[in-house]
Amino acid sequence: MEKLLSVRNLRTIFHTYRGVVKALNGVSFDVYKKDFLGVVGETGCGKSVTSLSIMRLIEDPGEIVDGSVVFEGRDLLKLSEEEMQKVRAKEISMIFQEPKMALNPVLKVGYQIAEAVSTAEDLPIKSKEVQEKVYEILKAVGLPDPESMVEKYPHELSGGMAQRIMIAMGLVTKPKLLIADEPTSALDVTIQAQILHLIKELVSEMGTSAMIITHNLGVVAEYCERVVIMYAGNVAEIGNVKTIFKEPLHPYTKGLIKAVPVIGTKGKLQTIRGIVPDLVNPPSGCRFHPRCDHALDICSKELPPIKEVEPGHFVACHLYD
Ligand code: SF4
């Protein structure tokens with residue numbers, strides 16, 4: 001598989017009144033061409049910070065302090081802001097969790113999609129070509145009557161419609177990578193599957209790679225081909241979805257899978273003991289060690305490096321040293 005994006009040793013921190021939050025502690029993973037990658041973990045594990053760091057959208061008091069994000073041979077962390085804006089306009093798109101927050105409330109949705117096309121293609125916003133692309137993408141995302149849809153303001157849309165507009169804006173420029181940060185968390189359960197199906201269908205038609213950030217293992221099992229499991233700012237395990245669900249290696253991955261409720265089983269729901277650590281003062285060594293039932297002496301002293309244990313299956317745990 002050909003690599004599209006290589007994230008290496010990415011470190012992002014936030015300066016707060018309580019101290020420095022070490023949000024990403026050396027994150028490394030790859031996204032391949034035509035990949036459909038899930039990034040999963042509990043709240044606060046660094047999934048969203050990873051995607052914002054890739055897009056260089058970390059704002060003050062946040063800061064990317066180390067690492068590289070190589071996209072088609074260029075380190076995005078070394079590009080000028082102007083060059084990065086071109087990458088965001090045409091090559092990597094992002095869809096956010098709250099579509100209505102991401103849309104501009106005072107502009108009609110047709111104008112907002114047209115603006116995305118005109119910026120990416122360097123065409124006048126009112127040109128026929130831009131308008132045709134707007135109608136085309138509105139049809140592709142399953143919104144009926146594009147002529148009246150372009151005239152609507154975001155407050156006139158349901159959550160599902162607004163997310164379809166966001167998908168339209170994200171894919172209208174046919175980017176090489178789509179990053180979707182919890183794209184269905186704010187939506188009605190009945191709409192969630194439709195939106196995920198739509199993303200999967202459109203990205204595979206366009207040959208775009210996708211990175212889906214989620215806390216829902218069901219979404220990963222149903223839609224993704226590969227998965228990155230994150231814990232407290234580190235990558236715990238990476239692999240093919242089938243392998244990870246069948247033979248998870250990292251104790252945290254095993255705990256996450258055991259905690260998924262299974263219909264028809266009785267008794268107490270399984271949980272991972274303890275809570276996600278405070279990243280101002282994270283545990284030393286492996287950040288999972290205070291919650292791990294298999295911790296060794298070395299675990300509180302040294303951060304385990306990520307290792308490939310079989311082709312395409314990586315784990316960061318001293319049990320596999
Ligand atoms: Fe547990 Fe140690 Fe592995 Fe961390 S490195 S998951 S503490 S066994």
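Visitor: How do α7 and helix α8 cross in this one?
Guide: In this predicted model, the axes of α7 and helix α8, the latter spanning residues 189-206, come within 11 Å and cross at roughly 15°. That angle makes α7 roughly parallel to α8, because angles under 35 degrees count as roughly parallel.

Visitor: And which hand does the crossing of α7 and α8 have, left or right?
Guide: The crossing of α7 and α8 is right-handed.

Visitor: What about α4 and α7, at what angle do they pack?
Guide: Helix α7, which covers residues 159-171, packs with α4 at an angle of about 20°, and their axes are 8 Å apart. The two helices α4 and α7 are therefore roughly parallel to each other, and α4 passes α7 in a right-handed crossing.

Visitor: Then where does α5 come in, and at what angle do α4 and α5 cross?
Guide: Helix α4 runs over residues 109-121 and helix α5 over residues 128-140, and their axes come within 9 Å and cross at roughly 120°. This makes α4 oblique to α5, because the range for roughly perpendicular is 65 to 115 and roughly antiparallel begins over 145. The hand here is again given by the model, with α4 passing α5 in a right-handed crossing.

Visitor: Switching to the ligand, how many residues surround it, and which are the closest?
Guide: There are 13 residues surrounding the ligand, and the closest are C286, C292, C299, C317 and H318. Sorted by class, the shell around the ligand holds nine nonpolar and four polar residues, with no charged residues.

Visitor: What is the space taken by the ligand, as cavities go?
Guide: The ligand takes up the space that is the largest cavity.

Visitor: On to the backbone: is the peptide bond from D60 to P61 cis or trans?
Guide: The bond from D60 to P61 is cis, with omega near 15°, and P61 is found in the loop between α1 (47-54) and β4 (62-71). For context, most peptide bonds are trans.

Visitor: What about K34, is its phi positive or negative?
Guide: K34 has a positive phi of about 60°, although K34 is not a glycine.

Visitor: Where does K34 lie?
Guide: You will find K34 in the loop between β2, which spans 19-32, and β3, which spans 36-40.

Terms used: Residues are numbered from 1 along each chain as its sequence is written. This is a predicted model: local features need pLDDT of at least 70, side-chain atom pairs count only at pLDDT 80 or more; totals for chains, interfaces and linings use all residues. Side-chain values use heavy atoms; hydrogens and water are left out. A residue is near a molecule or strand if one of its heavy atoms lies within 4 Å of it. On a 1 Å grid over the protein atoms alone, a cavity is a set of points where a 1.4 Å probe fits but cannot get out, and a pocket is an open set with protein on both sides within 12 Å along at least five of seven lines; lining residues have an atom within 4 Å of a point. A molecule sits in a cavity or pocket if more than half of its atoms lie within 2 Å of its grid points. Ala, Val, Leu, Ile, Met, Phe, Trp, Tyr, Cys and Pro count as nonpolar, Asp, Glu, Lys and Arg as charged, and the others, Gly among them, as polar. Axes are lines fitted to C-alpha atoms, for helices over the stretch in contact, and angles run from 0 to 180 degrees between N-to-C directions. Helices (H or I, at least four residues) and strands (E, at least two) are DSSP runs, numbered from the N terminus. A crossing is left-handed if the near helix is turned anticlockwise from the far one by less than a right angle, and right-handed if clockwise.
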